[in-house]
Amino acid sequence: MKKITIALLGCFLISASVSAQETPNFYQPKRTTFWSDVRFGGGLGLAFGNQFTNISVAPSAIKPLTEQFSVGAGLQFNYISSKDWYSSTSYGINVLGLYNPIPEFQLSAELEQLRVNNTIEGYNTNMGHVPEIKDNFWNTALFLGAGYSNGNVTVGVRYNVLYKDNNFVYTQAWMPFIRVYF
């Protein structure tokens, strides 16, 4: 009886030891912070020409809410100058919603609010040099878009449903885009 008790006690201790070694790998909950899956991207633009300058900086970030839906926000700064004729500075914010019904196809909605400061210098052939005109205003744009996605890059087109022909912000309602997020 003593040998059976020792054998059972030995089996119990060995099984408890094996079980204790496996416990740490059994389940470890995934711990994430808000920032752990935020993706950053945006745009940079620089163009020079014959008495023309265009500088654009537009950083942004998106946060996936589900595997298919993300939301984000961004900042925007633009400077355009055509010597002795026109200059414009605009700055503002935007909010963005992205929906991928399938990984290769992305739908987007983007609301943008810009402060626009335009200065127009004119030359009239009948009157000579005309004094400059300053036009400062707020512009709101709502872009609805669709694009092809491959990894971190999406290429597509968007349409500004609030486009105004005479506000000197965008030259047309349709705009191509390339979106990159890391």
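Buried means under 20% relative accessible area, exposed means over 50%, and partly exposed is in between, using a 1.4 Å probe and protein chains only. This is a predicted model, where local features need pLDDT of at least 70 and side-chain atom pairs count only at pLDDT 80 or more, while totals for chains, interfaces and linings use all residues. Residues are numbered from 1 along each chain as its sequence is written, and side-chain values use heavy atoms, with hydrogens and water left out.

**View 1. Tyr99 is part of a nonpolar surface patch.** Tyr99 lies in strand β4 (strands are DSSP runs of E, at least two residues, numbered from the N terminus). Tyr99 is partly exposed, with a relative accessible area of 34%. Together with Leu65, Phe69, Val71, Ile102, Phe105 and Leu107, Tyr99 makes a patch of about 570 Å². Two or more residues of the patch come from each of β3, β4 (86-102) and β5. Patch members have over 30% relative accessible area and no salt bridge, and nonpolar side chains (Val, Leu, Ile, Met, Phe, Trp, Tyr) are joined within 5 Å. A salt bridge is a side-chain nitrogen of Lys or Arg within 4 Å of a carboxyl oxygen of Asp or Glu. The areas come from the Shrake-Rupley method with a 1.4 Å probe.

**View 2. β1 and β2 form a hairpin with 2 residues between them.** Strands β1 (residues 39-49) and β2 (residues 52-64) pair in the antiparallel sense over 11 bridges; pairing needs at least two DSSP bridges between the strands. Look for Phe48, which stands opposite Thr53 in β2. In the loop between β1 and β2 you will find Gln51. Its phi is near 60 degrees, a positive value in a residue other than glycine. Gln51 is partly exposed, with a relative accessible area of 49%.

**View 3. β2 also forms a hairpin with β3, with 4 residues between them.** Here β2 and β3 (residues 69-82) run antiparallel, joined by 11 bridges. To trace the pairing, find Pro64 and its bridge partner in β3, Ser70.

**View 4. The largest nonpolar core has 7 residues.** Now for the inside! The members are Leu114, Val116, Phe137, Ala141, Phe143, Tyr170 and Met175. Such a core is a set of buried Ala, Val, Leu, Ile, Met, Phe, Trp, Tyr and Cys residues joined through side-chain atoms within 4.5 Å. β5 (105-124) and β6 (128-150) each give two or more residues, and β6 gives the most, with 3.

Definitions and conventions
Patches are made of residues with over 30% relative accessible area and no salt bridge: like charges are joined within 9 Å, nonpolar side chains (Val, Leu, Ile, Met, Phe, Trp, Tyr) within 5 Å.
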